[in-house]
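Look at the sequence and the model below.

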Amino acid sequence: MQELKLINPLLIHKKKENENFVLIKVNAFSCNYRDKAIILKSALKMQEGLNFQASPFAFFGSDFVGTIIDKGASVKDFDIGDRVIPNCAFPKQPFPGVAPGVVTNEASKGWLKLHKSKLITIPNKMSDEIASGYSIGGQTSTSMVRRVNLKDNERALVLSARSNTSMFIINNLLAKGIDTTILTTSDWDIKEKSLISPAKLLKVDKDNPNWERLEGLDNFDVVFDPFFDLHLEKAIKQLNTGGRYITCGYKNQHQNFQDEYDKFNVNNLHEIMLKVMINNMSIIGNCIGTSEDLEESLGAFNPDTFIIPTDSKYDIKDGNKFIEKTYNDNGRLGKSVLIYSS
């Protein structure tokens, strides 16, 4: 009863303008790579002198799991008490006047009022820890694998393997029995290697990332790449005739993201397009996925075979450690999650 008293001023069902909305209490959330630029831009804005236009704080976070506390009169597909995650379907508009794509950049608020078309329920067998980092990875990876139309006898290469999106792609490919090779610049321990078995793991020297000298790296039918600005030209060279390269993002989303190793990442448009044209290759851009992609991903979820671990969990009092772990720990595998107390 005490909790109901606390949230009573926030209830939305009595207002006509809220008839298609739900009120969500966030159970846990996590950050994606896209959130890094949002956090940095907010921090830099706060540091621009002591002007009164910059707020002294900013919300962030685009993946979350929450519980429905209240709903509008026209919300029929959800019940109070349901656990939900974002449905970031793109590019189709999900409802008149509702934008497609990422649902929120402010999951850290803890309370969210969202349109019913931007949410989906999750299986009971999915924990809050996994659910809090599932939507964008599950939706994007399913879309990417669908769009390249892999055949059973084809081979796939996944780049930047420790990124969350790449881990979701690997999970998807292994479930389909695809011959998969992954590239990484990081060290993987025995337990981590077992997660991605039977995929073949090849390590690239970050100081001298010359793939042509990498033993065991052959040509592939499909290359999956979360960071086109790091790999495009090198990746195209690893494709068979008629091969497909698909990407869903880029590293240097802000000028402050660039580091000394980026000098090795030179993408020559002339060389790329000449190779693509002569060998009948395809370059595919992918932005998230459809509602059907997310539904398929959730329908196939099995906690016993899901390979992506939760790296770490933090209480709300340790928000600084959560951000540090999320973006400054190169050894992280899986999401770092911030859990709100009940």
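This is a predicted model: local features need pLDDT of at least 70, side-chain atom pairs count only at pLDDT 80 or more; totals for chains, interfaces and linings use all residues.

The largest nonpolar core has 37 residues, and Leu-173 and Phe-224 are the ones with the most contacts inside it. Two or more residues each come from helix 4 (135-148), strand 6 (155-158), helix 5 (164-175), strand 9 (220-225) and helix 9 (291-300). Of these, helix 5 gives the most, with five residues.

Which residues does Leu-173 touch, leaving aside those up to four places away in sequence? They are Val-145, Leu-150, Ala-156, Val-158, Ile-178, Thr-180 and Phe-224.

Now turn to the surface. Here Leu-269, Met-273 and Ile-283 form a nonpolar patch, and together they have about 290 Å² of accessible area. Met-273 belongs to helix 8, which covers residues 269-278. Its relative accessible area is 42%, so Met-273 counts as partly exposed.

How many disulfides does a search of the whole structure find? The search finds zero. For Cys-287, the closest cysteine sulfur is that of Cys-248, at 9.1 Å, and this is too far for a bond. A disulfide would need the two sulfur atoms within 2.5 Å. Cys-287 is partly exposed, with a relative accessible area of 44%, whereas Cys-31 is buried, with a relative accessible area of 4%.

Key. Residues are numbered from 1 along each chain as its sequence is written. Side-chain values use heavy atoms; hydrogens and water are left out. A nonpolar core is a set of buried Ala, Val, Leu, Ile, Met, Phe, Trp, Tyr and Cys residues joined through side-chain atoms within 4.5 Å. Buried means under 20% relative accessible area, exposed over 50%, partly exposed in between (1.4 Å probe, protein chains only). Helices (H or I, at least four residues) and strands (E, at least two) are DSSP runs, numbered from the N terminus. Contact means heavy atoms within 4.5 Å. Patches are made of residues with over 30% relative accessible area and no salt bridge: like charges are joined within 9 Å, nonpolar side chains (Val, Leu, Ile, Met, Phe, Trp, Tyr) within 5 Å. Accessible areas come from the Shrake-Rupley method with a 1.4 Å probe; for residues, only the protein chains shown count as cover. A salt bridge is a side-chain nitrogen of Lys or Arg within 4 Å of a carboxyl oxygen of Asp or Glu.
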